[in-house]
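Please find below a colleague's note on the structure shown here. It is arranged as numbered points for reading beside the coordinates.

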Protein chains: 2
Amino acid sequence: MTRAPATPGMRLDEIDTPALVIELDAFERNLQRLVEAIAGRVRLRAHAKTHKCSEIARRQVAAGAVGVCCQKVSEAEAMVAGGIGDVLVSNEIVGAAKIARLAELARQAQIGVCVDDARNVSELEAACAKAGARLDVYVEVDVGARRCGVAPGEPALALAREVVPRRHLRFAGLQAYHGAAQHLRSMTERRKAIGLAAAAARATRALIEAAGIACPRVTGAGSGSFMFEIESGAFDEIQPGSYVFMDADYARNEWAAPLPRFEHALFVLATVMSRPVPERAVVDAGLKASSVDSGLPLVWQRAGLECVRVSDEHGVIEIAPGAAAPALGEKLLLVPGHCDPTVNLYDCYVGVRGGRVEALWPIDARGALY
Amino acid sequence: MTRAPATPGMRLDEIDTPALVIELDAFERNLQRLVEAIAGRVRLRAHAKTHKCSEIARRQVAAGAVGVCCQKVSEAEAMVAGGIGDVLVSNEIVGAAKIARLAELARQAQIGVCVDDARNVSELEAACAKAGARLDVYVEVDVGARRCGVAPGEPALALAREVVPRRHLRFAGLQAYHGAAQHLRSMTERRKAIGLAAAAARATRALIEAAGIACPRVTGAGSGSFMFEIESGAFDEIQPGSYVFMDADYARNEWAAPLPRFEHALFVLATVMSRPVPERAVVDAGLKASSVDSGLPLVWQRAGLECVRVSDEHGVIEIAPGAAAPALGEKLLLVPGHCDPTVNLYDCYVGVRGGRVEALWPIDARGALY
């Protein structure tokens, strides 16, 4: 881990940069707002791939989450080591080394995993038998994301039949996450996409149950759509992640009831390191400080300042005529385009409240890629 | 640091994924090819922002580099701690905490920094006086990158005059790096851009020298253009970084004499984690395993396989009709779109030779952002 950029008690403008800052009041309101929106109608299993931080996961569980999702075994290991007792790896785990670690982890906590292949089911069973572990297994159904997962209906039933007889696996239900729907801009488009996903999940569950197999749970949903999954009645559990931070790309979505609007709570703090001409400022935060896969970072609450390009370690800010220009050495807050891969660039969060550093939280699953 | 994905002696297909792999033979040829191309005509100061690894920096110095460049003080600290005695921070360093650390580092090694602001010169002098250190200072001239740097000519002379009288600073010359020229696709465009940059640098040096100020060195150039800087005669030192690895975006450049062609030496090793339909494979390497700011990764030496989209932890590979399809669990090498921010995602390199793991090299400046 690199040196922390701050110590508790510091003022915001004393933090070394670039730093990953959480505005704690907004963050806590986001946690609360989600819990109030779902009003106990489904289980909340927050996605930890967004924050990669067991400190945040513990707060989510304290606020009512049953546990967390992870995408990687190594992430799940960090969460279990951080005291989270129920982790769903909402992804396929392939390869002997990874499967052995997953089975080992299933001896220490309640662990789930997704499958979309029969041979993979056999390998999971063999590893859990060897480890003396029991693993929850969800059949992943492709409900529109065109990524992993079997087709809804018969293929999902066929795979469930592979899981059911295994002594060390427990068929836990369906994973039905529609990732691509999260960033459809209009509410209408998102509602429609989730409607189709829910119909596919419902029909698949009915088919499995008609075959005499209990299908305990349908899990899925993300920050951009979770109320539609709840409305559909087809889901028992939701997996939102980005709601804790709210990034610039999510902010470009249309937000209206029944979805609550979350607040920007995650920022990259940057220093103006060059003021070469009146219309340009250069900050010390570029590609290695803020992932730009979903667009450039936004300058926060500084009218007329726009980040127009980034290179590895520089962000170029254009200053509109008449805008209040930042001075050399001044610090600016940036809202990252995409929170998840931005978080993965840092070793710790700097939690700020009322303009002062309150806490440093290690991003203990940072770099846990495997 | 996360757990290493391999141990020496392993076969390539035993490495856990995603992993950052260096093909050592190609890497060593790249080191050698650059040294042969420049044939001692200029000093080589390799850019360590690409690799962030003191192990690699030591190899570059052993192959003839005078030292390295860094972009951040924390990177320079890692390089000095790793035994590199001469480091140019080819960037402006602003803010009291960073400047104090830079001054402290200048007590331990030969350290240089760039400036484009007179107040910053005063702050550097004050910090070096306090630390009892001496720092090389280069006036950065904007020769076309439209990022940091003063304008060529009089503004550069004015800033050199600020540096010269300082007791703890040594005016070391001009930084004249044209970053934007590196990725101009045609040789003609790049030669023209560097021709203009060289003319600006030459005129500025002449002006400074005509004012009676010695201008010891003009430094700059990158992997896409360095032979043009050498041809111009205006540069004493070059700063290529990416040549050690050669990424997919650099490969899209036209390469012809006098520039040598470098080989892809850096790969992301990924596992096929899902084969949901015949025309699609999904690998376990997405945005957190390969930066896509300069384009998606390329599948290496597998005709008919193309990475068509990525999400946080998934890469979707399209399989052309008739192509040899990869099996579930199979491992694929990907050439990252942009090497520098990709490297910054990993804690170590897995050095491979002849299909076997030879070495693990810590990326000791990974995450050194400040």
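This is a predicted model: local features need pLDDT of at least 70, side-chain atom pairs count only at pLDDT 80 or more; totals for chains, interfaces and linings use all residues.

1. The same surface serves both copies, as 100% of the contact residues of chain A recur in chain B.

2. The size of an interface is often given as the accessible area lost when the parts come together. Here chain A and chain B bury about 4900 Å² between them, and 51% of that area lies on carbon and sulfur atoms. On the side of chain A, the residues that lose the most area to chain B are A:Arg147, A:Lys288 and A:Tyr370; together they account for 14% of what that side buries. Chain A contributes 58 residues to the contact, and chain B contributes 58 residues.

3. Within chain B, the axes of helix 4 (residues 96-106) and helix 5 (residues 118-131) come within 9 Å and cross at roughly 50°. Helix 4 of chain B is therefore oblique to helix 5 of chain B, and the crossing is right-handed.

4. Helix 4 of chain B makes this contact through B:Ile99, B:Leu102, B:Ala103 and B:Glu104. Helix 5 of chain B supplies B:Asn120, B:Glu123, B:Leu124, B:Ala127, B:Cys128 and B:Ala131. By class, the contact between helix 4 and helix 5 of chain B comprises seven nonpolar, one polar and two charged residues.

Methods
Residues are numbered from 1 along each chain as its sequence is written. Chains are lettered from A and ligands numbered from 1 in the order in which they are written. Side-chain values use heavy atoms; hydrogens and water are left out. Contact means heavy atoms within 4.5 Å. Axes are lines fitted to C-alpha atoms, for helices over the stretch in contact, and angles run from 0 to 180 degrees between N-to-C directions. Helices (H or I, at least four residues) and strands (E, at least two) are DSSP runs, numbered from the N terminus. Angles under 35 degrees count as roughly parallel, over 145 as roughly antiparallel, 65 to 115 as roughly perpendicular and the rest as oblique. A crossing is left-handed if the near helix is turned anticlockwise from the far one by less than a right angle, and right-handed if clockwise. Ala, Val, Leu, Ile, Met, Phe, Trp, Tyr, Cys and Pro count as nonpolar, Asp, Glu, Lys and Arg as charged, and the others, Gly among them, as polar. Buried area is the accessible area (1.4 Å probe) that two parts lose on being put together, summed over both.
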